Amino acid sequence: MTFESLGLAPALLRALAEQGYATPTPIQAAAIPLVREGHDLMAGAQTGTGKTAAFALPLLQRLGIDEATSDRHDHRPRALILTPTRELAAQIHDNLRAYGKYLRVHAAAVFGGVGMGGQVQALRRGTDIIVATPGRLIDHMDRRNVDLSRIDTLVLDEADRMLDMGFAPALRKIMGALPRTSRQTLLFSATFAPEIKALAAQFMRDPREVQMALPNAVAVGVHHRVHPVDADKKRDLLLHLLAADSRRQTLVFARTKHGADKLAKYLGLHGFRVAAIHGNKSQNQRTRALADFKSGKVTVLVATDIAARGLDIAQLPAVVNYDLPMVAQDYVHRIGRTGRAGAEGLALSLVSREEEGLLRDIRRLLKQDLAIETIAGFEPGWNLQLDRPAAPARKPGRKHGNVGRNHAAPAKPAHVRRPNGQRGQDERAPGNKGNHRWRGNARPHKA
Ligand code: AMP
């Protein structure tokens, strides 16, 4: 399969060659022909699969060709791409510019955290494509800075995350303001939870479906390693792990903004070139941190989940979960940044006693063995028990049992499938009472 065989225009092929893209990724091969045929599309694809080009290339092709023949005096935008975070909006905008380098198609990015002025000017000058986060687009709509009356292509990127972030009302408002007739809608999502399907049923016409990775799958080349450690030793264990290869680009996840700042400061004090990225940083700070990380000027980037969502960092060798995510699905999103495109990746998780329940959720979701490795000098004063519900954290610690054991038992498949597709609830399902492993307080840490 080649990009030529997908019928892409020479101007796009040239730009792709310059980007070093030799062959289409599976999502590109599956989606581009359907989009070119004009179908609505629901695509199950995560960050790292090449999903941006899957919608951007056929869109640029159509607009580039139409542009050559259509009314040049009509500057109203033709396509709207909605995406959950500022970083993703900026990245998609960059990608559109790179892929559309030899076409006369203009794109404008509209996201919060920066002044309205530049965006208003870009919208007034006229643009073919708007890439926007929902909140800021609504600000512009309310101020009548933007005319959506000619939009004929809508892309919902990372639709699941937009809903998770509470954008459902904003999405409905925006979609309600778009022309209804002959609109093509493309929806990309890592998962197809019932809310996504409801959104699709309301706003899409007979969508074709492509599913690239199994839901919750992570790249096969990723090595998952779990390091049990006492909470108060985590920082020093992290230093120890980072020092093992101080030139390795590593993305470190912290749970809170404050925690991310404290950790970055600590690593900085110990000589690491480090930056932090989270919701309290200004857009300029975030952009600079990401650029410095990509260029290698900083080797460690400490991030929160929301800030890191969808960051386009190609082939990152290592991701460290300094704190485990509160929601198991976020583990998949975090790890999605390593082991891309067939490369090997390392996913390290520092797990304190309080996080045992979260680790169980993750293992159940991945349906995959996780190597457990206790690091000499950082042995915890408790025993990681993945195959039994955790004792409440306040009880006195148990004696060592399986510390030093190398592998957890394989994850058990869910015994009860819930009709609504929710995960992580199996231990409470009535049909599962006979299974002692998952009874009781198996998820004591869920907020
Ligand atoms: P995405 O899933 O759109 O965020 O893309 C993930 C990464 O893969 C980005 O760094 C893209 O530049 C890169 N990429 C996308 N398509 C291709 C391709 N066909 N060949 C090589 N790299 C690609």
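Reply:
**The ligand and its surroundings**

A nitrogen atom of the ligand lies 2.8 Å from a backbone N or O atom of Thr23. Keep in mind that this is a predicted model. Gly50 also takes part through its backbone: one of its polar backbone atoms is 2.8 Å from an oxygen atom of the ligand. Thr52 uses its side chain instead. An N or O atom there is 2.6 Å from an oxygen atom of the ligand. Taken alone, the ligand exposes 500 Å², and the protein buries 80% of that.

Now the wider shell. The ligand is surrounded by 14 residues. Gly50 and Thr52 are among the closest, along with Tyr21, Gln28 and Gly48. By class, the shell holds 8 polar, 3 charged and 3 nonpolar residues.

**The helix pair**

Next, turn to helix α8, residues 168–176, and helix α9, residues 194–203. Their axes are 12 Å apart. The packing angle is about 10°. Angles under 35 degrees count as roughly parallel, so α8 and α9 are roughly parallel to each other.

Which residues in α8 and α9 meet? From α8 come Leu171, Arg172 and Met175. From α9 come Leu199, Gln202 and Phe203. This contact of α8 with α9 has 4 nonpolar residues, 1 polar and 1 charged.

Notes. Residues numbered from 1 in each chain as written. Predicted model: local features only at pLDDT ≥ 70, side-chain atom pairs only at ≥ 80, totals over all residues. Heavy atoms only, no water. Near = heavy atom within 4 Å. Polar contact = N/O pair within 3.5 Å; in protein donor to acceptor, adjacent residues only side chain to side chain. Areas by Shrake-Rupley, 256 points an atom, 1.4 Å probe, with all protein chains shown as cover. Nonpolar A, V, L, I, M, F, W, Y, C, P; charged D, E, K, R; others polar. Axes fitted to C-alpha atoms, helices over the stretch in contact; angles between N-to-C directions. Helix = DSSP H or I, 4+ residues; strand = E, 2+ residues; numbered from the N terminus. Parallel < 35°, antiparallel > 145°, perpendicular 65-115°, else oblique. Contact = heavy atoms within 4.5 Å.
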